[in-house]
Amino acid sequence: DATRRGLYAYVDREDIPGLLASFDLPSPDASQATRARTTVPQQALFFINAKFVIGQAEQLAAKSSSIASTDERLKALYQITLARNPDEQELRMAKDFLAATQAASAADSPSTVALPVWRFGYGSLQVESNAVSFTPLPHFTSKVWQGSEKFPDPALGFTSMTSAGGHPGNNAAQCTILRWVSPFAGTVSIEGEIKHESDQGDGVLGRIVSSKSGVLGNWTAKNNTVTTSVKTVDVAIGDTIDFVMDCGATPNHDSYQWKPRVRVTSSTSPDVKAKFVWNAFKEFDKSSAKLLPPPKIDAWVQLAQVLFLSNEFAFVD
């Protein structure tokens, strides 16, 4: 119920956080009455690009989504953000902003699904937390992702990925990871088979891990082929599904094939139709080191973020 807005945090004088430094954090070595009144590009860039800020804008827009009247919803955004109502000019500008943003979004709506969605890397799975550490493999030879020009790499050994599969590294910290990044919201199913042909070694252990739902399945293959299917997984834009291949007890004779397909079963995004399939094998050459375009942000979310960008909000003393 307090009317004062403030954040208080422990500060290590020997290790000043970069974010606070960007916003003119006074020296903690002496008492400072006020923050210096300066603005630099880093401050605006933080409010424009930071996932934290965008996430807060989404929550702010969601808080007011049940209000049918545009004027009343705008007043709610201003009250929550700035603790006041918008004046007539601000109300008119906000309506113009919403109209222009919604029109631009409709005009720019893509007719095809954004590609690529595949990433090729290595890392590990923390089984207790279901968290995947992912590092992109740094060197591409036109057919293989690997640790460096030298193969085997001095640090990553035989860690490598091709369109059909690959070879994990020497231990559980060097699993090969094929990462699928969702460009839409809805549900998907997963199809595929792990093939391990050698009759030597201890085989390989494959896992499918969702950033939202955790481990979806695990399979061991040794001199055989095993089916790796998941019936349904909920996804939002930016969620990941990782296909993690572990060498097991030893890294010997661990070459494998795994060509997963991710199939849309339902979609809330107009650009992605049901039954659409992403195929890692077929899309390997389209995926080399490119990034997904940023997802579109709802007009109301953008307006909430604009309020966060205002000096009245960002630089209150």
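User: Which residues of α6 are buried, and what makes a residue "buried"?

Analyst: In α6, that goes for Ala299, Trp300, Val301, Leu303, Ala304, Gln305, Leu307 and Phe308. Buried means under 20% relative accessible area, exposed means over 50%, and partly exposed is in between (1.4 Å probe, protein chains only). This is a predicted model, where local features need pLDDT of at least 70 and side-chain atom pairs pLDDT 80 or more, while totals for chains, interfaces and linings use all residues. Residues are numbered from 1 along each chain as its sequence is written, and side-chain values use heavy atoms, without hydrogens or water.

User: What sits at the start of α6?

Analyst: A side-chain oxygen of Asp298 comes to within 2.9 Å of the backbone nitrogen of Trp300.

User: Why is Thr228 called buried, but Gln56 partly exposed?

Analyst: Thr228 has a relative accessible area of 0%, so it's buried. Gln56 comes out at 30%, so it's partly exposed. Thr228 belongs to the loop between β12 (224-227) and β13, whereas Gln56 is in helix α3 (residues 51-63).

User: How do you know that the side chain of Thr228 makes a polar contact?

Analyst: The distance from its side chain to that of Trp258 is 3.1 Å. A polar contact is a pair of N or O atoms within 3.5 Å; within protein, one must be able to donate a hydrogen and the other to accept it, and residues adjacent in sequence count only if both atoms are side-chain atoms. The Thr228 and Trp258 pair is such a contact.

User: What makes a space a cavity, and how many are there of 30 Å³ or more?

Analyst: On a 1 Å grid over the protein atoms alone, it's a set of points where a 1.4 Å probe fits but cannot get out; lining residues have an atom within 4 Å of a point. There's one cavity of 30 Å³ or more. The largest cavity has a volume of about 100 Å³. It's lined by 13 residues, and Met161, Thr162, Gly165, Leu178 and Trp258 are closest to its centre. The largest share of the lining, three residues, comes from β7.

User: What kinds of residue make up that lining?

Analyst: Nine are nonpolar, four polar and none charged. Ala, Val, Leu, Ile, Met, Phe, Trp, Tyr, Cys and Pro count as nonpolar, Asp, Glu, Lys and Arg as charged, and the others, Gly among them, as polar.

User: How do you know that β8 and β16 pair?

Analyst: Two strands pair if DSSP finds at least two bridges between them. Six bridges join β8 (residues 186-191) to β16 (residues 261-267), running antiparallel, so they count as a pair.

User: What makes β13 and β17 edge strands?

Analyst: They belong to an open antiparallel sheet of four strands, ordered β13-β8-β16-β17. Both β13 (230-235) and β17 (277-279) pair on one side only, and that makes them the edges.

User: What about β1 and β2?

Analyst: β1 (residues 118-126) and β2 (residues 131-136) pair antiparallel over six bridges. Gly121 stands opposite Pro136 in β2. Their hairpin has four residues between the strands, and Asn130 takes a positive phi near 60°.

Methods:
Helix = DSSP H or I, 4+ residues; strand = E, 2+ residues; numbered from the N terminus. 1 Å grid on protein atoms, 1.4 Å probe; cavity = no way out; pocket = protein on both sides within 12 Å on 5 of 7 lines; lining within 4 Å. Points joined across faces, edges and corners; volume = space filled by probe spheres on them.
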